[in-house]
Amino acid sequence: MEKDIILKAENVSKQYRLGQVGTGTLSHDINRWWHQIRGKENPYLKIGDTNDRSTKGDSDYVWALQDINFEVERGEVLGIIGKNGAGKSTLLKILSKVTAPTTGSIKSRGRIASLLEVGTGFHGEMTGRENIYLNGAILGMTKKEISSKLNEIIDFSGCERYIDTPVKRYSSGMTVRLAFAVAAFLEPEILVIDEVLAVGDAEFQKKAIGKMQDISKGEGRTVLFVSHNMAAIETLCTRVISMQYGRICGDGNATKVISDYLQNSSFSERKINFDNIQEAIGNENIRILYAAIENASVPDKEDVIDVTSAMDFKLKIVNQTNAERISLGYDLTTIKGDVVFGSGGKFDCKIGKITELCCKIPANLLNDDLYQINVYFHTNEMRGLYNNGELLTFEVKDVKRESGYLGKINGIIRPQLKWEISHE
Amino acid sequence: MKNKMHNNNVSNDWLFEITPKNKFFSLNLKEVWQYRDLLFLFVKRDVITVYKQTVLGPLWYLIQPLFTSITFTIIFNNVAGINTGTVPPFLFNLAGITVWNYFTACLNGTSDTFKSNAAIFGKVYFPRIITPLSVVISNLIKFGIQFFIFIAFYIFYYFKGANLSLNGSILLFPVLITIMGILGLGLGMLISSMVTKYRDFSYFITFGIQLLMYLSAVMYPMELIKEKLPNYGWIVEYNPLAYIIETGRYMLLDVGEISIPGLLYTLVITIAVFFIGLLVFNKTEKSFIDTV
């Protein structure tokens, strides 16, 4: 059977000018116009670097998107993931016609409505009911359409009591509920959603996710969903596109693309490894040749660490002092610097030889977050030898959850605790 | 930079296409019509929210023209001695200011369309022209209220025995106001597009409007400037706004004279400004979010 393509992006690219708009803009504009009237190519369109935030480029222009090609089938829930600045939002802006691409085109067989940051166009002085109409109309509904769905929208939002109160008196959660409710009943053929699930309580999230699933499965409508929340993406999406530096670098099955993305995206330093002592970090007392947080739950030690992984903290050191017995310890801290726990002991390390140490960190202990390892070495008499405040930085990822709640779970640690229930 | 599309199974049943290049002129009237409810709701929003949390509320609509007219009457008529003929100076000024106010409200309201709506324009698409259109319409309501106060004073002076007579051309007054609105809209769209890139224009507009008022025959009859400043009178004669104000006063108070060539000139300028404004506005709306 032929595929039912509802949306098609062909060679979409988007160029931005870096830096400030100022006097320089005028000269570029004039130059561009001068080239244009002579029938020449835009001189500023050729130059452009890969959009990598962290490196300094040569030109004032960057490509936020480069040669984006993809097709979306009717009824698909397509997730789009990528680091900040990878071009996700730019792509959504082009899709929702907020800005035009520099080159290429997007073709669509259905109305596209976007839910980029809910509550767009809400006016604080107007009541909830008035805002439903206004917001609905901004999103492209007619007054008649809204009227026919008004009761459903109010019901879904759960803001019935406050519906005739000005929105400025609403809590932020209520505003989001109301806005999502309007968009959920919008009935476009293609719904674009950007990070809405980060807000709202568990109950509302569940409702919102249920609604999104209804939209795609029950009503056969297409959803494009952008999020940093991998748990949400994995739960909801049938297909995922991952983006990097303005290009698509992965496209396919959700679980596969997400795990590839996580592996490439870890900006942490989970492992340090040196071949010889001269290069190794440390000082005249202690050298560290190798240090790593290894995944101990799977055969591949370098695999992504999630909250259910057991970990090995491995060290290879060379003792260059004149006493074998040294005191070694580490603190595991959050990236903000709170110490989660510390561990250590006194060990006999042969002088001048490589000693391997391993500390077993149990599974189901750390939360999804960034953590750091600080090590310190002392003599047997607790005289300081060497310490390193940020030896390793590593990330613990979240896993797919059963509960349906997709927000961040609070806490520095996330142990799995036993619950007992009894009835009298 | 043109990429030839190699379309296998060519199916041209796409609902729409998002492309970089704008056609030279593309105002999708059908689309604007589809969004008519939004236009109505924007007007409603502007009207009901503008004076929320003020004690005097819509009275502010009246206070401003009344006090300006009083000031003008004192300065220009009593001190400077501008002669307004048989018409009471206060009524003369009020007529000019009421019409002038509608123009400035339209221009001010539309000239920062892109800047002040950047947040909403950056997230949702709808025909952008809806926003300046809603400004022009909601200001029409404000104008209506101000016009009402003019009528009240007109009746007051009439019964006080002032020599007032209506002119038959008053029936064309709505047409005149429409021209005024379109001129304000066109100029506003033009400026709002330029402000997105060069903020200089927003500074220009604040004092530009003030300056323009003195050149628009608001507080003096057009005749007078030609008489007193024969060398510079042409500046006022080239100002289409002066003809609208002068004609407005002619219709309402039967003073001054109506200049058919002047009005035709105004009409041509208005249409030209409107279409240039629309053109630039259309070009800007596709990419302004990158430069704003």
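Biologist: Before we look at helix pairs, what are axes and angles here?
Modeller: Axes are lines fitted to C-alpha atoms, for helices over the stretch in contact, and angles run from 0 to 180 degrees between N-to-C directions. Keep in mind that this is a predicted model.

Biologist: OK. At what angle do helix α2 and helix α7 of chain B pack?
Modeller: At about 50°, and their axes lie 9 Å apart. In chain B, α2 covers residues 36-49 and α7 covers residues 130-159.

Biologist: Why are α2(B) and α7(B) called oblique?
Modeller: Roughly parallel needs an angle under 35 degrees and roughly perpendicular needs 65 to 115. The angle for this pair is about 50°, so α2(B) and α7(B) are oblique to each other.

Biologist: Left-handed or right-handed crossing?
Modeller: α2(B) crosses α7(B) in the right-handed sense.

Biologist: Which residues meet there?
Modeller: From α2(B) there are Leu38(B), Leu39(B), Phe42(B), Val43(B), Asp46(B) and Val47(B). They meet residues of α7(B), including Ile130(B), Leu133(B), Ile137(B) and Ile141(B). Sorted by class, this contact has 9 nonpolar, 3 polar and 1 charged residues.

Biologist: Now α4(B) and α8(B). How far apart are their axes?
Modeller: The axes are 7 Å apart, and the packing angle is about 30°. In chain B, α8 is residues 173-195, and α4 is residues 89-111. An angle under 35 degrees counts as roughly parallel, which means α4(B) is roughly parallel to α8(B). Their crossing is right-handed.

Biologist: What makes that contact?
Modeller: On the α4(B) side, the residues include Val99(B), Tyr102(B), Phe103(B) and Leu107(B). On the α8(B) side, they include Ile177(B), Met180(B), Leu183(B) and Gly184(B). The contact of α4(B) with α8(B) divides into 13 nonpolar, 7 polar and no charged residues.

Biologist: Different topic. How many residues has the largest nonpolar core?
Modeller: It has 140. Val182(A), Phe225(A), Ile233(A), Leu38(B) and Met180(B) have the most contacts inside that core. Helix α4 of chain B gives the largest share of this core, 12 residues.

Biologist: How many residues of chain A are in contact with chain B?
Modeller: 39 residues of chain A, and they are in contact with 30 residues of chain B. β1, β5, β6 and α4 of chain A each supply at least two residues to the side of chain A that touches chain B. β5(A) gives the largest share, 6 residues. That side of chain A has 15 nonpolar, 16 polar and 8 charged residues.

Biologist: Back to chain B. How many helices and strands?
Modeller: Chain B has 14 helices and 1 strand. Out of its 292 residues, 38% count as buried. Of the contacts in chain B with a separation of 6 or more, 81% are between residues 24 or more positions apart.

Biologist: Last one: where is Ile170(B)?
Modeller: Ile170(B) sits in the loop between α7 and α8 of chain B.

Biologist: Why is Ile170(B) partly exposed?
Modeller: A residue is buried with 20 or more other C-beta atoms within 10 Å, and exposed with 12 or fewer. Ile170(B) has 15, so it is partly exposed. Ile170(B) is 81 residues from Met251(B) in sequence, yet their C-alpha atoms are 4.7 Å apart. Apart from neighbours within four places in sequence, Ile170(B) is in contact with Met251(B) and Leu252(B).

Note on methods: Residues are numbered from 1 along each chain as its sequence is written. Chains are lettered from A and ligands numbered from 1 in the order in which they are written. This is a predicted model: local features need pLDDT of at least 70, side-chain atom pairs count only at pLDDT 80 or more; totals for chains, interfaces and linings use all residues. Helices (H or I, at least four residues) and strands (E, at least two) are DSSP runs, numbered from the N terminus. Angles under 35 degrees count as roughly parallel, over 145 as roughly antiparallel, 65 to 115 as roughly perpendicular and the rest as oblique. A crossing is left-handed if the near helix is turned anticlockwise from the far one by less than a right angle, and right-handed if clockwise. Two residues are in contact if their C-beta atoms, placed from the backbone, lie within 7 Å. Ala, Val, Leu, Ile, Met, Phe, Trp, Tyr, Cys and Pro count as nonpolar, Asp, Glu, Lys and Arg as charged, and the others, Gly among them, as polar. A nonpolar core is a set of buried Ala, Val, Leu, Ile, Met, Phe, Trp, Tyr and Cys residues joined through C-beta atoms within 7 Å.
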